[in-house]
Amino acid sequence: MTRSNDKLVVMMEIAILAALSMGIDWIDSAFKIGPYSFSFSMVPILILAIRRGVGAGVLGGLIWAILQIVTGDAAGNYIHPVQFILEYPLAFGILGVAGLASKYKNLVSIVAFSFLAILLRYTMHFFAGWIFWGIYAPEGQPAWLYSLIANGTTFLINTTVCIALVIILFSVAKRLFVPEER
């Protein structure tokens, strides 16, 4: 396969996995535990990053963020331009950090870098919540605590779900994470 064909394959994988994340996001947004929803929509971007590296993962996350914006999923979820940037392009793009595992492609590095990527994503949401959404904190509750509770709970639920799925998928379908050599 030529170099240009390799690039085309990677670009197609980025587009398909970003769209898959968006599709899963629509489906799993119906599942809630109390006031919190759980989601496994980050899994395709994590796989993309691990499979193709940080750059592809960041680009896939950014495309997913753009899909959130153009489909209206982001509508009404922003109150300030900086908050919007933190919670969409930065938070979704930073999932590409999982691509640091692409060098190793073993279960320990995949779990560790996936955890790091998700933690960084929710750190963005935490800061946005603290700085911008803290006005909705109950009387007497500090904005940082309000954001920590809301984003921390979602982080714990979604990290557990996503890491479990990544472990299962790596165990039964390793080739999702390791592209064929040509």
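A: Gladly! Let's begin with what a helix is here: a DSSP run of H or I at least four residues long, with helices numbered from the N terminus. Keep in mind that this is a predicted model.

Q: Is Ser 114 buried or exposed?

A: Buried means under 20% relative accessible area. Ser 114 has a relative accessible area of 0%, so Ser 114 is buried.

Q: Which residues does Ser 114 touch?

A: Leaving out residues up to four places away in sequence, Ser 114 touches Leu 46, Ile 50, Ala 98, Ile 163 and Val 166. Ile 110, with neighbours within four places set aside, is in contact with residues including Ile 50, Val 166 and Phe 177.

Q: How should I think about a nonpolar core?

A: In soluble globular proteins, nonpolar side chains tend to be buried together. In this model, the largest nonpolar core has 34 residues, and those touching the most other members include Leu 46, Trp 64, Ile 110 and Phe 177. Among the elements that give two or more residues to this core are helix H2 (43–52), helix H5 (107–131) and helix H6 (143–172).

Q: How many residues of H2 are buried?

A: H2 is mostly covered, with 9 of its 10 residues buried. Among them are Leu 46, Ile 50 and also Arg 51. The buried residues of H2 pack against H1, H3, H5 and H6.

Q: What follows H2?

A: Gly 53 does, and its phi is positive, near 105°.

Note on methods
Residues numbered from 1 in each chain as written. Predicted model: local features only at pLDDT ≥ 70, side-chain atom pairs only at ≥ 80, totals over all residues. Heavy atoms only, no water. Core = buried A, V, L, I, M, F, W, Y, C linked by side-chain atoms within 4.5 Å. Buried < 20%, exposed > 50% of the residue type's maximum accessible area, 1.4 Å probe, protein only. Contact = heavy atoms within 4.5 Å.
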